Amino acid sequence: MIRRVGRVGLWLAVLVLGYTQTVGAQECERAKELYSEGVILNDGSEQEADFYRQAITVCPQYADAHYRLGNVYATWGQYQDAMSVYTQAIQLNLNFVEAYYELGQVYYNQGEHEAARVKFEEALRMRPDYLAPRMGLGKIYAHRQEYLRAIDEYAQVLEREPENVAAIYELGRVYERQEVYRQAIEYYQQAKQLDESNDAISVRLGVNYRAIQEYGKARDEFVHALANNPNNFSVHYELGVTHFEQGAYDMALKEFQAFLRFRPNDLETHVYLARIHLAHAEYDQAIQKFQAVLRAVPNNTEAHMEL
């Protein structure tokens, strides 16, 4: 009798376990459908995020849904939320290399470069041919002024992808930071050949041409940048500086005024306006401008020197 009861209990336990596994599998199938709806949207919207949240609610062990939700949070700048769900994704899948990388990227975006470096290196240990963490390491080393290490990371990217525009561009940035402008220009030109419509590349080319006083080429690059992206208002500032350095004060004034329509409180631009007043012998207006700058930033060295 006891044996019969034991067998019945075991049979019932097997039935319950099988039912639970079936229900769990069904729930996770539903989670995959919700996840797919979010992936199809892929627009960083609240609706996309909500699909992933629903998927996680239905199937909490669904690592991919945690990961994609983290991507949305990171896009929104909600870094703590992103870190939380990326960490959960890693706990559910210890080999989730993309989650390690994205977690590192969130640390990087918050200025926590050492924590970012650790995550990037963990991602590379799992997948040595994964290029995104190498790009991240390159940026960290460049920020630390460890330029040779930065160059090495970007070079490894280019060994695998010789036309990787981002790596070529970042190499230009490394040389620009060291004020090796002609070398920087060479890399920016390579990047531009691969991505002609990228206004950021043209801006960097313009800045570097200006640094070596090739003003005509600088202006051409800034004009090219505006043609590709009329909403890149910072180009007006760069054009203003270029005209100012050449003594074309009226043209500089026009560009600075265009820039101030977007950034009316930019102090560097107001310093340039004051210098233009000085160049035109409009001393009272120049003094007023410099004094306004000093009221905003009392320790502004440039304003103090001019006064």
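Predicted model: local features only at pLDDT ≥ 70, side-chain atom pairs only at ≥ 80, totals over all residues.
Residues are numbered from 1 along each chain as its sequence is written, and side-chain values use heavy atoms, with hydrogens and water left out. Local features need pLDDT of at least 70, side-chain atom pairs count only at pLDDT 80 or more, and totals for chains, interfaces and linings use all residues.

**Helix pair**

Helix H3 spans residues 63–76 and helix H4 residues 79–92. Helices here are DSSP runs (H or I, at least four residues), numbered from the N terminus. The two pack at an angle of about 160°, with axes 8 Å apart. Axes are lines fitted to C-alpha atoms over the stretch in contact, and angles run from 0 to 180 degrees between N-to-C directions. H3 and H4 are therefore roughly antiparallel (angles over 145 degrees). H3 residues including Tyr67, Leu69 and Tyr73 take part in the contact with H4, where Val85, Tyr86 and Leu92 are among the partners (contact means heavy atoms within 4.5 Å).

**Disulfide**

The structure holds 1 disulfide, defined as a pair of cysteine sulfur atoms within 2.5 Å. Cys28 and Cys59 form it, with sulfur atoms 2.0 Å apart. The pair links distant parts of the chain, 31 residues apart. The S-S torsion is about 75°, so this disulfide is right-handed. Both cysteines are buried (under 20% relative accessible area, 1.4 Å probe, protein chains only).

| Cysteine | Location | Relative accessible area |
|---|---|---|
| Cys28 | helix H1 (residues 2–41) | 17% |
| Cys59 | loop between helix H2 (46–58) and H3 | 3% |

Methods
Parallel < 35°, antiparallel > 145°, perpendicular 65-115°, else oblique. Buried < 20%, exposed > 50% of the residue type's maximum accessible area, 1.4 Å probe, protein only.
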